[in-house]
Amino acid sequence: MEKLKFSEEKSIQDENEYSIGLIVLKKGDLLCQSHFCNYRKIYINKGIFSEEFLFGIRTNESLKNVRNSEILIIDDLNEANEYLAQNKELLKLAIEKRINMLINMNKKISSKFLRSHEEKIYTAQETKKIFKKIYRYNWNYFKDKFIQNYIFAREKILEKEIEDALDILNKIDLNEIKDSFFKAEIDIWKIYCMFFLDKKKANELFEKIKYKYDFLESLFSFKILKNILKENELEKTYITYFKKGYLIPGNTVLFYEGEEGDWSFLILSGNIYVSRFIENNTEILLNILTEGEIVGEIAVLQSIKRTATVFTKTPLQMILIDSENFENLIEESYLLGKNILKALIYRVDFQKIC
């Protein structure tokens, strides 16, 4: 760990080089710049840079002293992680910076391939129409009543309104749902509710459900339920899922291009397809994302219309992130915050290779 002071204009680090360490601005002004991302901003008295050091890849930003700067360079990986874990406000700043870099980068890349008079902004209804022509079989939609009721019941559980939560879960018609993972998720939360109403019956139901499904150990909700029945303290990962984690059934569209968006999510398990659907019934597959990736991250900072359609063909376990719970989730879990930061940095790094 080293402290450095600068009183004149000086380059501290160049873009696309391996980082000299995690860099913390303690005082003064620093210019942060990324030619690849079209990003340029002067940070005053506070900021964190070269987070690529945490993941052993080349930097996406150059740093230059502007006025009387004092910086802290942490060149030990363990110390860097510990410092960031103890200063989560800097982690939040880093994530916000990376989201803004990603926004600028996406605009830059789009401008290379799309001419303004050829680009068409599709409404959600137009996208839905083309999607249904390509994928003819029935698809779920994130805003479907049975999914929203499941989320509403989970919110009731958080509020400790257990009887109301159980009543909502019981009204979800599992006979109309094809996805066995989602059926198991509903059954698990029913048993969770029952534990607070009738412990003996909850344990009986728990023994039965173990023979009903052969994949329960892969579900975060099941691991939570086991700990609750044994009255064990939950690990941080399970607490995060308990508060804002959900299982979405396979063959579900999470959002369509052209929709308004104010939320994103972190993938815990499953795959996500990111596509654009254009005229002549054409699908342009932009990306396939998996565990550890963040999806729809721009919506955390900017409420804008979705620029692509996102859907899953397999059951999806995810952490829902919106502007209201963003800071709380990071405050509670450094690992979650670090995973979000990593996903954003690797997204930019992947585009460099492409």
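Buried means under 20% relative accessible area, exposed over 50%, and partly exposed in between, with a 1.4 Å probe and protein chains only. The model is predicted: local features need pLDDT of at least 70, side-chain atom pairs count only at pLDDT 80 or more, and totals for chains, interfaces and linings use all residues. Residues are numbered from 1 along each chain as its sequence is written, and side-chain values use heavy atoms, with hydrogens and water left out.

Q: Are Tyr 150 and Tyr 246 buried or exposed?
A: The cut-off for burial is under 20% relative accessible area. Tyr 150 and Tyr 246 are both buried.

Q: How many aromatic pairs are there?
A: Rings of Phe, Tyr and Trp (its six-membered ring) pair if their centres lie within 6.5 Å; planes under 30 degrees apart count as stacked, over 60 as edge-to-face and the rest as tilted. By this rule, the count of aromatic pairs is 30.

Q: What is the angle between the planes of Tyr 150 and Tyr 246?
A: These two rings form an aromatic pair, 5.9 Å centre to centre. The pair is edge-to-face, with the planes at 85 degrees.

Q: Which ring does the charged end of Lys 223 sit over?
A: A charge sits over a ring if NZ of Lys or CZ of Arg is within 6 Å of the ring centre and within 35 degrees of the ring normal. For Lys 223, the charged end is 5.9 Å from the centre of the ring of Phe 220.

Q: At what distance from the ring centre of Phe 255 does Arg 306 lie?
A: Arg 306 lies over the face of Phe 255. Its distance from the ring centre is 3.7 Å.
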